[in-house]
Amino acid sequence: MRTLVVFESMFGNTERVARVVADEFARLGPVTVLNVDDAPSTLDAFDFVVAGAPTHVFGLSRPQTRADAATRIEFATVTGRHGLREWLDIVSPASPDCPAATFGTRAAMPRVITGCAARAARRRLHRAGFRMVGKPGDFRVSGALGPLIDGELVRAGAWARELTDAVAAVGC
Ligand SMILES: Cc1cc2nc3c(=O)[nH]c(=O)nc-3n(C[C@H](O)[C@H](O)[C@H](O)COP(=O)(O)O)c2cc1C
């Protein structure tokens, strides 16, 4: 199974989760990890798509929230050109029924207060025609910039392993 793990990340936290997720998917075949800045809009080369993003203003980032993020650090943001929201507007599955899953990062507060990028991305991928697999992966950072809360990368690995186990059992 050829997997694409595509991530948006301002400060590097969602990228760290993406790389842990990619390591788990590598059990099932080749994995390509791409910053959404560099992600293709045509997905013929992949059998499974996993997409991740930080939560901004209760959902997926917008140009204004990414500009806001950029003012909070003295180095360049990891993702700079566009966000997952914009990429999801232009991608479509390579074949009908292409499986996909989403994950996101957010502040370490109750989800009803924070919102959840993973859920927003899931709705958009579903609307674009992907077959959504598993529950959204939802991982917490401390403060606005991170780092990830202790144990969240372990949880991310476990989340991805649950997905790969399900795929290995039934195919994709
Ligand atoms: C402009 C902006 C808006 C944010 N809005 C939210 C929010 O509504 N809910 C939340 O849980 N976290 C919010 N955050 C915190 C981000 O979720 C956090 O920065 C992100 O998870 C870090 O991941 P990254 O390093 O991959 O960008 C916001 C951060 C920024 C910069």
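Is Arg19 buried, exposed or partly exposed, and how many other C-beta atoms lie within 10 Å? Hi everyone, let's start there. Arg19 is partly exposed, because 15 other C-beta atoms lie within 10 Å; the rule is that a residue is buried with 20 or more such atoms within 10 Å of its own C-beta, exposed with 12 or fewer, and partly exposed in between, with C-beta atoms placed from the backbone.

Some housekeeping. This is a predicted model, where local features need pLDDT of at least 70, side-chain atom pairs count only at pLDDT 80 or more, and totals for chains, interfaces and linings use all residues. Residues are numbered from 1 along each chain as its sequence is written.

Arg19 sits in helix 1; helices are DSSP runs of H or I with at least four residues, strands are E runs of at least two, and both are numbered from the N terminus. Arg19 is 138 residues from Gly157 in sequence, yet their C-alpha atoms are 9.5 Å apart.

That brings us to helix 6. Its buried residues are Glu152, Ala156, Trp159, Ala160, Leu163, Thr164 and Val167. On the face turned away we find the exposed Val154, Ala168 and Ala169.

How do helix 1 and helix 6 pack? Their axes are 8 Å apart, at an angle of about 35°; axes are lines fitted to C-alpha atoms, for helices over the stretch in contact, and angles run from 0 to 180 degrees between N-to-C directions. Contact here puts the two C-beta atoms, placed from the backbone, within 7 Å.

Now the core. The largest nonpolar core has 43 residues, and Val5, Val21, Val49 and Ala121 touch the most other members. Such a core is a set of buried Ala, Val, Leu, Ile, Met, Phe, Trp, Tyr and Cys residues joined through C-beta atoms within 7 Å. Beyond four places in sequence, the contacts of Val49 include Leu4, Cys98 and Phe130.

Most residues other than glycine have a negative phi, and most peptide bonds are trans. Val57 has a positive phi near 45°, and Phe58 one near 75°. The bond from Gly146 to Pro147 is cis, with omega near 10°, and Pro147 lies in the loop between strand 6 and helix 6. Thanks, everyone!
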